[in-house]
Amino acid sequence: MKLSDKHPVAVLAATGFIAVAYSCSAYGAPLPLAIQADTVLSGPCVLTSRFKPEDKVIFRIRVTDTQSGEPLEEGGLKKLVVVMPDGTEFTPKFGPHPPQQAAGHYWTYAWTIPADYPTGSHPYKVVATTLDDQEVTLIPFEAPPSQLTIVAEQ
């Protein structure tokens, strides 16, 4: 179990998909949010955690209010960011995906990996802040297949 600044966060991983568990905090209060996130390769949206320099990574995120069970849309959160290990923050936008023939509505951010970005594992996190300033952090499972990994061109 990992701890955010304000709430403990349990994470699960399977086939590149990660989710915050609906668990109770050390203080006996339920977590206010559940976060699901994964990464896909832009274009055909292939689920993966391994990318090459200049690939476009799409972070896909769903945030659910644990009390109502409803997904939160634009205006339902004070802040939502993807934080890279170097401190860089990306702000996802809410909308239909894929845009041409929507299969669902969720938060996304498209990041083109710079050509000179270092290879290796880059454990990002997703931080969601409720309208009343409660913060929940998703930290991907620490197993290498669950980490965003940049591999050299071959």
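A: Happy to! Let us start with β13 and strand β16 (residues 148-150), which pair in the antiparallel sense over three bridges. This is a predicted model, where local features need pLDDT of at least 70, side-chain atom pairs count only at pLDDT 80 or more, and totals for chains, interfaces and linings use all residues. Residues are numbered from 1 along each chain as its sequence is written, and side-chain values use heavy atoms, with hydrogens and water left out.

Q: How do you know that β13 and β16 are paired?
A: Strands are DSSP runs of E with at least two residues, numbered from the N terminus, and two of them pair if DSSP finds at least two bridges between them. β13 and β16 have three bridges, so they pass that rule. Within this pairing, G120 stands opposite I150 in β16.

Q: What makes β7 and β13 edge strands?
A: The open sheet has three strands in the order β7-β16-β13, with mixed pairing. β7 (50-51) and β13 (120-122) each pair on one side only.

Q: Which strands form the open sheet of four, and in what order?
A: The order is β10-β9-β14-β15, and the pairing is antiparallel. Its edges are β10 (89-90) and β15 (135-138). Strand β14 (residues 125-129) is joined to β15 by four bridges, so this pair also meets the rule of at least two. There, V127 stands opposite T137 in β15.

Q: What makes a space a pocket?
A: On a 1 Å grid over the protein atoms alone, a pocket is an open set of points where a 1.4 Å probe fits, with protein on both sides within 12 Å along at least five of seven lines; lining residues have an atom within 4 Å of a point. The largest pocket is lined by 15 residues, of which P32, L33, D65, T130 and Q134 lie nearest its centre. The second largest pocket has 14 lining residues, including C45, I58 and H97. Its largest share, four residues, comes from β12.

Q: How do you know where the model should be read with care?
A: pLDDT is the predictor's confidence in each residue, from 0 to 100. The protein has a mean of 83, and 82% of its residues reach 70 or more. Over residues 1-27, however, pLDDT stays under 50. Where pLDDT is low, the predicted coordinates should not be read in detail.

How values were computed:
Contact means heavy atoms within 4.5 Å.
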